[in-house]
Amino acid sequence: DEASKVANHADVQVSGIKQANESAGFMGLKITGMIAPAYVYNQDQQSSSFVFLNRSDGSPSGPTLYNYDNSYFGSAYISFAKETEGGTKWTLTLAPDRGAGTLMNGNSIIHEASVSLPLNGDKNTRLIAGQIPDWEGYESTWPNQGPAITHNLLFDFAELTAYTGVGVDVTRGNWEWKTMLANVNSPRYYYNNNYGGRAPAAVFRADYSVPGYDNADIGFWGLVGKLPNAANLTGTSRAAMFEVDGYLTQGAWGYYGQLGYGQQSQAAYNGDTARWYGLSGMLTYNFTPRVLSFARFDYLNDSRNGGGLPGGVSGPDGINGFGPAPATCTLSNSGGLTGCTGNGANRYALSLGLNYLYTKSTTFKVEYRYDRANLATFQNVSDGSYKKDNNLLAASVVVSF
């Protein structure tokens, strides 16, 4: 009798806790987060600095400039994900100064705000909508989801940021298909000088999970439609992009690869069509369960019409090494470079690094990166000259939960 009373009392307590959690909205709620301060040395830019939640131009009200030495590392985020009893999923990820919203929506801290609703009660067939981060490539956005500190050339310069729209996500066996009709890299396309603002794009991705390995996937991605174009008076222009990527982990080894091609009208330096293609491959090896090494090689061909990448190119880029060679340009009255001739630069990058898993939630990272171009497009700020290469060293501590 006494044991029965204790059990009944415990059951009442548990039921009360469940009801309290449900009424407070905690049922099905998962909260995750990360903080990742970094330190970066850039030889040509003569910079040696801690990097954490910074505005790259030093102005609190100015834009964050995205460079390969100033991307998603030095970041922090917190993410709230909730699934209701009916299977509806809701996700909100906040990332100040380093998320998708910072890059495309007036310094918004919202990286992702999305919903996923089962159709006809089928949790494997879903309606998706909202602001959803880009689906391309084998590399994840956040430092706690990959071994490297910097990102590969395709991730930084030939991929997109986020989609704002509606679509479907279907899972069948080892396959997952998802597609959206969306604004790309913009929460809304606005009218500009009486030009129309209707400019969505169709985006598609398919993934096949390969059985028989620890973890293996092959992915296909494509886009057809319009993208923002800073070099075009209408603000957008037609684009087509395609990509295939994959990864395989087996035992201590990991293999990752990506191939991409894209073009955008009126987005090249000379005002013509920009065309680019590239590849990235990464190899990882775990010396011990705590120590992981990696090597990554990237190539991005961007020579056509003086260079051009998604979103348009306005001139030589002395930090990232893209665009025509400054030696072919003339100096404008404002001190900038204009009238450049010739092809744009093709880019290469080699990264080597180590990860040390200090605790289950803490990782120390170090990386050396060598970047090179076939033209002298990297600016050496110490004397104003231009070089064909650059060296970068980076270190970071990544803590997540």
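T161 lies in the loop between α3 and β8 (162–172). Helices (H or I, at least four residues) and strands (E, at least two) are DSSP runs, numbered from the N terminus. The model is predicted, and local features need pLDDT of at least 70, side-chain atom pairs count only at pLDDT 80 or more, and totals for chains, interfaces and linings use all residues. Residues are numbered from 1 along each chain as its sequence is written, and side-chain values use heavy atoms, with hydrogens and water left out.

**Two buried positions**

T161 counts as buried because its relative accessibility is 17%; buried means under 20% relative accessible area, exposed over 50%, and partly exposed in between (1.4 Å probe, protein chains only). Apart from neighbours within four places in sequence, T161 is in contact with Y72, A100, L103, P133, D134 and N185, where contact means heavy atoms within 4.5 Å.

A36 belongs to strand β1 (residues 29–36). With a relative accessibility of 0%, A36 also counts as buried. Neighbours within four places in sequence aside, the contacts of A36 are F52, G74, S75, P143, S396, V397 and V398. One of these, F52, is 16 residues from A36 in sequence, and the C-alpha to C-alpha separation of the two is 7.6 Å.

Most residues other than glycine have a negative phi, and most peptide bonds are trans. L53 is not a glycine, yet its phi is about 55°. L53 sits in the loop between β3 (47–51) and β4 (75–83), and with a relative accessible area of 26% L53 is partly exposed.

N185, one of the contacts of T161, is not a glycine either and has a positive phi of about 60°. The loop that holds N185 runs between β9 (175–184) and β10 (201–209). N185 is partly exposed, as its relative accessible area is 23%.

**Cavities**

On a 1 Å grid over the protein atoms alone, a cavity is a set of points where a 1.4 Å probe fits but cannot get out, and lining residues have an atom within 4 Å of a point. Grid points are joined across faces, edges and corners, and a volume is the space filled by probe spheres set on the points. Two cavities of 30 Å³ or more are found by this rule. For the classes in the table, Ala, Val, Leu, Ile, Met, Phe, Trp, Tyr, Cys and Pro count as nonpolar, Asp, Glu, Lys and Arg as charged, and the others, Gly among them, as polar.

| Cavity | Volume | Lining by class |
|---|---|---|
| Largest cavity | about 70 Å³ | nine nonpolar, three polar and three charged residues |
| Second largest cavity | about 50 Å³ | three nonpolar, five polar and two charged residues |

The lining of the largest cavity is made of 15 residues, and E136, A158, F242, G260 and Y261 lie nearest its centre. Elements that give two or more residues to this lining are α3 (153–158), β12 (236–250), β13 (253–264) and β14 (274–286). Ten residues line the second largest cavity, with Y66, S71, D97, R98 and L103 nearest its centre. L103 is also among the contacts of T161.

**Strand pairing around β14**

Two strands pair if DSSP finds at least two bridges between them. β14 pairs with β13 in the antiparallel sense over twelve bridges; here W276 in β14 is the bridge partner of G262. β14 also pairs with strand β15 (residues 291–301), again in the antiparallel sense, over ten bridges. In that pairing N286 stands opposite L292 in β15. β14 and β15 form a hairpin, with four residues between the two strands.

**The disulfide**

A disulfide is taken as a pair of cysteine sulfur atoms within 2.5 Å, and the count by this rule is one. The disulfide joins C329 to C340, with an S to S distance of 1.9 Å. The torsion about the S-S bond of C329 and C340 is about 110°, so the disulfide is right-handed. C329 lies in the loop between β15 and β16 (330–331), and C340 in the loop between β17 (337–338) and β18 (347–359), so the pair ties together parts that are eleven residues apart in sequence. C329 is buried, with a relative accessible area of 14%, and C340 is buried as well, at 10%.

How values were computed. On a 1 Å grid over the protein atoms alone, a cavity is a set of points where a 1.4 Å probe fits but cannot get out, and a pocket is an open set with protein on both sides within 12 Å along at least five of seven lines; lining residues have an atom within 4 Å of a point.
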